[in-house]
Structures are given as structure tokens and as C-alpha cells.
Amino acid sequence: MPTSIDVFAKVRGHEREEQLRAAREADVLPYFRTVESPAMPVVEMEGHPRIMLASNNYLGLTGDERVMQGARDALARYGTGLTGSRLMNGTTPLHLELESELAEWMGTEDAIVFTTGHQANMGALGTLLDVGDTVIVDSGDHASILDGVLLSRAKMRPFRHNRMDKLERALERAQEDGGGVLVVVDGVFSMEGDVAPLVDIVELCARHGARLMVDEAHGAGVLGARGAGASELLGVEERVDLRMGTFSKSFASCGGFLAGEAEVIEYLRISSRAFLFTASAVPAALGAALAALRILRSAEGPQLLAAALENATYLAEGLQAIGYRVLSGEPVRMSPAEGAPVESIRTPIVPVMVGDDWRAALLWRALYDGGVFTNCALHPAVPPGGALLRTSVMATHDRPTLDRALEVFARVKREFEAEHGPLPGADAG
Ligand SMILES: Cc1ncc(COP(=O)(O)O)c(C=O)c1O
């Protein structure tokens, strides 16, 4: 007898349907808005110029002539696509050059390039972990880490975001699980922009014999003197076993990579399904990423890194002065030599706390109408009741543009609070 259950039934009447319908009706849906120009400090969106405070283009390189030329040269030399996986017919000299320069820059023995960052996480975790192993993840880790963990079928032990007492407990419990143990954390957490206390994490991992992988998607091309990420900034690069990065943020392109010991990378090259059974990235993406990496490694790199962080501080202080509550991470130890946590690290991600989902969508819309595009982060991207507007800056935002954005934020706050009541205040930290 044919089954009476339609697997597609779940697409109707799901929990988000009502919310989406209401948001569409009120025209406050913050998602899938169309951008009609390159991801520059000011973009064209739905027929109007808007100040872009919602991009991960931290170094502002997506429109850089040298990066665009890198993409054009790769396109001219290798064509529009490679139509095959790296294993079969998708490896070019460009891949090899990129992998070798990535390893040199990260200071690791080797590096491997994936088609996306999501696949890099899936490829690493789904391959290195096995049934019987334990993986310990921060509750704020990126979805691609969780996807890789699910694929691996290893035992997952999550711990409360950045809580070292909980990580320690999970490590103790994991010792009793009987398999290998891997801890995976984001170096910079993508929504709140806070940094993992990696100095404490490497010490805990060493004490419990666990391996450590750090996702540097928002750290690479952002933090550290070389821009190699949170691991570099906090002086623990040598003690992190595997580092992941993506080209979809500071590298102004698309793709992902893993950097680590040669034998681990080689194992992934021959065993990782997310690497072997998907087509290589298009040559233009690789050419752009390599050009961006070379800019980052040139004398200009440190200037771009500094400009992005200075802009973030300027925007955060400006928003606080207007009365918004801007989140900043907990203080962390800045090096293995430091005793107590000393500094809260500013990243280009400047999150504005709202709290309630609906109010966040209304505030987002008012800013959008005022000509400022932000990202609206609702549960499950953030904890329940932790809705926020995620703003982010580029090295190439100039001060007049940020000042204009702050003027819009100030006017919108006055109008919003007159109609909907107070937003969380700056003084509450
Ligand atoms: C922390 C983190 N890890 C991994 C990824 C996945 O990277 P990609 O966009 O290259 O697939 C992202 C990007 O969304 C991210 O924010």
C-alpha cells in the first residue's frame, strides 16, 4: 500500500511560516533583499543608495582593482569553470600557488582549499572524527561546524558560549567516552563579534589531551599583526592543531581553507568527501582570493587591518553615544604569559542589542528606509530574546559615511522609541 505521509508536508504550516507571512505583510522582512551593485561602503539596493553596514567585506577588497584583475586573469587563463573535482580535473597551478601561500602566511606545514568555507568545516569534521570520538563545541559555533559534527556521527558535547568552567567539565566527561577528543570553536563569533578565550582553551585542551580546531572565518584577514586571526592575536598559533578560514569575508571572494600539519592536510586531500565529491571553485574566485591574500601580506595589509578596526571602534563609540547598547565581548587573556583576562577585543562586527524579534525587524526596516543596511539576527542565529542588529564595517568606510549612518541611527532611535517604547540603553553595557 502506498504511504499516506507526504515528505513535503513539512513545507506547509511550519513554525516560521506565520512569522514570515506577518513580516512580509508589514514589509519588515530583512532577508533576501536585493543588492544591485558591488559590496562597497555604499551600495545600490532596491533602487536606492544605502550605507552598507551588513557585509563581511572587512578589508573592502571586493571592488579593489587588483583583486578584480586577479579574477579576470584567472578567468582568461582557466575559463569560467573547471567542471570537476580537485581529484579528477579541477586542480590548477592556481590552487597549488594559493595553498602554498596560505600555508606560508598561516605558518603551517600545509593548507588545502575547498570550494566554500562550509565545505571546509564539513570536510574536516566529517573526515577527522569518527563514531566513538567526542567533539566538544561552543554553543555559539557556526552552523557549518554543527553540520560537520552531525555528518561525523561522533559524540557531541556542547558547552555554554565561552564558559571555560563548562568546557573543562565537558573535557573531563569526554575522557570517559573512550575515543579521541576534538574541541572546535570559532575564533571570532559571527553574530556577536566576540573572541574565544583561546589562551585558556589551548591550556585546557593540552591538560586533557584534546586536539583543537579554530574556525577563523571572521578572524583571518581581521585580527593579528599578519591578519592570521584570533589564534595569532592571542599568541597561540602553534598550539592550535587545525585552523579553518574562508575567502567569503576579508578575501573578497568565495571558497574555504584548512591549514595545519602536512599529514593531516594530506589525509583530508585523499579522504574528505566534501573536497573530493564536489566541483572545484571557479578560477575567478581563486584568482581574486590569491590577489586579496597578496594585498593582505603586502605593506598595505597592516594599514587595512588597522583601518577596519578603527572604523569599528568609531562606529561602536558613536552608537553608544547616541544611546544604543553595543555588545562587546568579555575580556580575554591576551597571551599565554598573561595571568588574568585583560582586554575585550573589538572586531569589525558591531552588534546593537534589541532583544525582541519583532522590534528588531521594525528597527531594521526604519534604518533601511533611512538609507542604512544592517543585518537582523534573530533566534536561532542568536539566543532566544537576544535579537540584534549586526552591523559591520569595512576598512574602506570613510568617516563622513559613518557619520551619516550615525545620524540616521540617532533619528531612527528617537522616532522608534516615541512609537514603540525604549530600546535597551547604552549604560547597561
Ligand atoms: C564562522 C563561520 N564559519 C564558516 C562559515 C562558512 O563559510 P562560507 O561562507 O565560505 O561557506 C561562515 C560563513 O558564513 C562563518 O561565519
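Modeller: Buried means under 20% relative accessible area, exposed means over 50%, and partly exposed lies in between. Keep in mind that this is a predicted model.

Colleague: Is Glu 300 buried, exposed or partly exposed?

Modeller: Glu 300 has a relative accessible area of 27%, so it is partly exposed.

Colleague: Which side chain does Glu 300 meet in a salt bridge?

Modeller: Side chains of opposite charge can pair when their charged atoms come close. Here Glu 300 meets Arg 66, with 2.7 Å from N to O.

Colleague: Where do Glu 203 and Arg 333 lie?

Modeller: Glu 203 is in helix H7 (residues 198-208), while Arg 333 is in the loop between H12 and E10, 130 residues apart. They form a salt bridge whose closest N and O atoms are 3.1 Å apart. Glu 203 counts as partly exposed at 23%, but Arg 333 counts as buried at 9%.

Colleague: Which residues are linked in a network of salt bridges?

Modeller: That network consists of Arg 86, Glu 99, Asp 110, Glu 266 and Arg 269.

Colleague: Now the strands. Why is strand E9 described as largely enclosed by the rest of the structure?

Modeller: Five of the five residues of E9 (residues 256-260) are buried, so the strand is largely enclosed. Gly 256, Leu 258 and Gly 260 point one way, Phe 257 and Ala 259 the other, and all are buried. As for its partners, E9 pairs in the antiparallel sense with strand E3 (residues 110-114) over five bridges. It also pairs with strand E8 (residues 242-246), antiparallel and over five bridges. Ala 259 is the bridge partner of Ala 111, and Arg 243 stands opposite Ala 259 too.

Colleague: What is the order of strands in the open sheet of three?

Modeller: The order is E10-E13-E12, with antiparallel pairing. E10 (349-355) and E12 (375-377) stand at the edges with a single partner strand each, so one side of each has no neighbour in the sheet. The twist averages 25° from one strand to the next. E12 pairs with E13 (residues 387-392) over three bridges, and Cys 376 stands opposite Leu 389 in E13. Helix H12 (residues 300-322) packs on the sheet, touching E10 and E13, and its direction makes about 25° with that of E10.

Colleague: Which backbone values deserve a second look?

Modeller: Most residues other than glycine have a negative phi, and most peptide bonds are trans. In this model, the peptide bond from His 379 to Pro 380 is cis, with omega near 10°. Pro 380 lies in the loop between E12 and E13. Asp 27 has a positive phi, near 55°, and lies in the loop between H1 and strand E1 (42-45). Glu 46 also has a positive phi, about 50°, in the loop between E1 and strand E2 (48-52).

Colleague: Which residues make the nonpolar surface patch of about 330 Å²?

Modeller: Val 7, Phe 8 and Val 11 make that patch. Val 7 is located in the segment before helix H1 (15-25) and is exposed, at 55%.

Note on methods: Residues numbered from 1 in each chain as written. Predicted model: local features only at pLDDT ≥ 70, side-chain atom pairs only at ≥ 80, totals over all residues. Heavy atoms only, no water. Patch = residues over 30% accessible without salt bridge, like charges linked within 9 Å, V, L, I, M, F, W, Y side chains within 5 Å. Areas by Shrake-Rupley, 256 points an atom, 1.4 Å probe, with all protein chains shown as cover. Salt bridge = Lys/Arg side-chain N within 4 Å of Asp/Glu carboxyl O. Helix = DSSP H or I, 4+ residues; strand = E, 2+ residues; numbered from the N terminus. Buried < 20%, exposed > 50% of the residue type's maximum accessible area, 1.4 Å probe, protein only. Pairing = 2+ DSSP bridges. Axes fitted to C-alpha atoms, helices over the stretch in contact; angles between N-to-C directions. Contact = heavy atoms within 4.5 Å.
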